[in-house]
Amino acid sequence: MTLDSPKEIYLDNAATTSMRQEVLDEMVPYFSENYGNPSSLYSIAQIARDAVDESRENVAKILNCKPSEIIFTSGGTESDNMAIIGVAKALKEMGGHIITTKIEHHAVIHAMEELESIGFRISYLNVDEAGFINLDELESEIKNDTSLVSIMLANNETGAIQDLPKISQIIKNKAKDLQREIYIHSDAVQAAGKLDLDTKKLGIDLMSLSGHKVRGPKGVGCLYLKRGIPISPMIVGGGQERQRRSGTENVPGIVGFSKALALANEEKNKFNTHCRKLTDLLKLRLQNLEYEHIIVTPNEDSLSNILNVCFKGFEGEPILIGLDMEGIFASSGSACSSASLEPSHVLVSMGIDPKLAVGSIRFSFSYENTPEDVEFLIESLENVLSELSMLAQA
Ligand SMILES: Cc1ncc(COP(=O)(O)O)c(C=O)c1O
């Protein structure tokens, strides 16, 4: 390993992405000359209002919904919290039972725990060894008082894609039998720019998105909330976003999010073809790696750009530090929980031995990565694992 490694290879695009220059260019005027408050009446404020309205229309087109069904938020976490806590509270009299999965992002899991602490019953669906829910279990968990189901579209640690159209069909059929409304939320934060976000085709009523996963700004995202679904606002104040999310709009952020999402959505086929080649190449090269490992990402129905690998007999953190010294940036499990040495709740739910799960590294690619990056990664992995093995034996 060399401390002054000349290369910098960013393989943590599921944690965050670099912002595109054209997105930044679009945002800059709203920090400077177009600084008006969109709620004010004079002309410079109207420029900001128009920019927010246009951004809302652009996002709505991608989601195949009405602009009024888009609520701009501070990102994926807020959207998830709002979809779950905000809707559950508003639906309380309809029923106190909610269904989710064991592999959701903490923004969903902790929101569910919050609801449990105030009396809601939450069912956490199991997943199989590839990370997919069981549709029969889902159906059997739907009860007379189920009001909301939250199932992520693509998992942030493994890339596993759940079959939302099928899931939605099961829930809607069961809701019909029970003669009640059951709303479906999906965290699509990782799916944006990779999968079709058409809410009608997916059959969902609420969806969370985040700007910084699609080469847009951090601290901005949106919640799609189908018309007619009641919501109890989590942030109250001036009544912006049709009383659903108060606070002066983050105009540059909203403009940047909408632009980044549009570009990522337009280019998703190109992105997927490119990244699939890289994850396939990495899988191929891993076959010749001297060190025992398992690939956690499923072979089918997974995002093109994520490959999660567990290295047997190693902990993820020292591997990450070693890779960092080689100029490679990756993540162990979820970046949001990388400060803890606990094995990932996602991998444990998939039945992976916790001792193996602590050796998990997630590599997540972008359009900027190249096959040479993969070759360099393999070389570096060999070096890092060999040094760590020697240290363990010393
Ligand atoms: C699946 C998923 N949901 C939600 C979030 C949270 O999004 P944000 O960082 O915009 O709050 C993330 C971020 O890692 C994520 O991967």
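**Close-up 1. Residues where α10 meets α13.** In α10, P318, I319, G322 and L323 meet S380, V384, E387 and L388 of α13. Contact requires C-beta atoms, placed from the backbone, to lie within 7 Å. Helices (H or I, at least four residues) and strands (E, at least two) are DSSP runs, numbered from the N terminus. By class, the contact of α10 with α13 has five nonpolar, two polar and one charged residues. Ala, Val, Leu, Ile, Met, Phe, Trp, Tyr, Cys and Pro count as nonpolar; Asp, Glu, Lys and Arg count as charged; the others, Gly among them, count as polar. This is a predicted model: local features need pLDDT of at least 70, side-chain atom pairs count only at pLDDT 80 or more, and totals for chains, interfaces and linings use all residues. Residues are numbered from 1 along each chain as its sequence is written.

**Close-up 2. Packing angle of α10 and α13.** Helix α10 (residues 316–325) packs with helix α13 (residues 371–393) at about 125°, their axes 9 Å apart. Axes are lines fitted to C-alpha atoms, for helices over the stretch in contact; angles run from 0 to 180 degrees between N-to-C directions.

**Close-up 3. The open sheet.** Three strands line up as β9-β10-β12, with antiparallel pairing. Strands pair if DSSP finds at least two bridges between them. β9 (293–295) and β12 (360–364) are the edges, each with a single partner strand, so one side of each lacks a neighbour in the sheet. Neighbouring strands are turned by 25° against each other on average, direction ignored.

**Close-up 4. β9 beside β10.** β9 pairs with β10 (residues 306–311) in the antiparallel sense over three bridges. H293 stands opposite F311 in β10.

How values were computed:
Two residues are in contact if their C-beta atoms, placed from the backbone, lie within 7 Å.
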